[in-house]
Amino acid sequence: MRMAEELAKRSTCARSQVGTVITTGDLTQVLGIGYNGNARGLPNRCDGTEPGACGCLHSEANALIKAGAQIPGKVMFVTMSPCVMCAKMVVNSNVRRVYYRTPYRDSAGLRVLRLAGVETCRYDRWRDLWR
Ligand SMILES: [Zn+2]
Ligand SMILES: [Zn+2]
């Protein structure tokens, strides 16, 4: 989770900075990392200022693109709980458990995960402690 928080700092999104790390089920290998932002090669900022439509790829999507769907039982660490569309991508990418640090204002994404059988866990231990 600390790694996801460091990744979030790289985001230039004007609305929020979110980071994601996806690992194997035994937590020994990182399969993909991501933070929210524009596509590679495009200007490193939001497309616009309209709330909810800044055009940034979400950090979960960026990490899932790299981690892929082939390996089952993956674990995701994300600094904010996923939106509905990211939650559905999580489900179809064979992620088994999602640890999130801050709940998103809309908990619909978490409901989607639970409905589809993905474990969710709010993980805010040691938030303020470096260890
Ligand atoms: Zn943005
Ligand atoms: Zn999302």
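Biologist: How many of the 9 residues of H2 are buried?

Modeller: Keep in mind that this is a predicted model. In it, 7 of the 9 residues of H2 are buried, so the helix is largely enclosed by the rest of the structure.

Biologist: Which residues of H2 are the buried ones?

Modeller: They are Ser-59, Glu-60, Ala-61, Asn-62, Ala-63, Leu-64 and Ala-67.

Biologist: And what covers them?

Modeller: The cover includes strands E1, E2 and E3, helix H3, and E4.

Biologist: OK, H3 is on that list. How do the axes of H2 and H3 cross?

Modeller: The two axes come within 9 Å and cross at roughly 20°. Angles under 35 degrees count as roughly parallel, so H2 and H3 are roughly parallel to each other.

Biologist: Is the crossing of H2 and H3 left-handed or right-handed?

Modeller: Left-handed.

Biologist: Which residues meet there, between H2 and H3?

Modeller: From H2 you have Glu-60, Ala-61 and Leu-64, and they meet Cys-86, Met-89 and Val-90 in H3.

Biologist: What is Val-90 in contact with, leaving aside neighbours within four places in sequence?

Modeller: Its contacts are Leu-64, Met-76, Val-95, Val-98, Leu-113 and Val-118. As for Lys-66, its C-alpha atom is separated from that of Val-90 by 13 Å, and the two residues are 24 apart along the chain.

Biologist: Switching topic: what coordinates the zinc ion?

Modeller: His-58 does it through ND1, and Cys-83 and Cys-86 do it through SG, at 1.9 to 2.3 Å. In sequence, those donor residues follow the spacing H-x24-C-x2-C. His-58 and Cys-83 link distant parts of the chain, 25 residues apart. His-58 sits in the loop between strand E2 and helix H2, while Cys-83 sits in the loop between strand E3 and helix H3.

Biologist: Now Arg-101. Where is it?

Modeller: Arg-101 is in strand E4, which covers residues 95-102.

Biologist: And is that arginine buried or exposed?

Modeller: Arg-101 is buried, at 3% relative accessible area.

Biologist: What does its side chain reach?

Modeller: The side chain of Arg-101 reaches the backbone oxygen of Tyr-123 at 3.2 Å. There is also a polar contact of 2.9 Å between the side chains of Arg-101 and Glu-5. Not counting residues up to four places away in sequence, Arg-101 touches several others, including Met-1, Val-78, Thr-79 and Trp-126.

Biologist: Last topic, backbone angles. Which residue takes a positive phi just after H2?

Modeller: That's Gly-68, with a phi of about 75°.

Biologist: What about residues other than glycine with a positive phi?

Modeller: Leu-27 is one of them, with phi near 65°, and it lies in the loop between E1 and E2. Asn-94 has a positive phi of about 65° too, although it is not a glycine.

Biologist: Where does Asn-94 lie, and how accessible is it?

Modeller: Asn-94 is in the loop between H3 and E4. Its relative accessibility is 35%, so Asn-94 counts as partly exposed.

Definitions and conventions
Residues numbered from 1 in each chain as written. Chains lettered and ligands numbered in written order. Predicted model: local features only at pLDDT ≥ 70, side-chain atom pairs only at ≥ 80, totals over all residues. Heavy atoms only, no water. Helix = DSSP H or I, 4+ residues; strand = E, 2+ residues; numbered from the N terminus. Buried < 20%, exposed > 50% of the residue type's maximum accessible area, 1.4 Å probe, protein only. Polar contact = N/O pair within 3.5 Å; in protein donor to acceptor, adjacent residues only side chain to side chain. Contact = heavy atoms within 4.5 Å. Donors = N, O, S within 2.8 Å, 3.2 Å for Na, K, Ca; no water. Axes fitted to C-alpha atoms, helices over the stretch in contact; angles between N-to-C directions. Parallel < 35°, antiparallel > 145°, perpendicular 65-115°, else oblique. Left-handed = near helix turned anticlockwise from the far one by under 90°.
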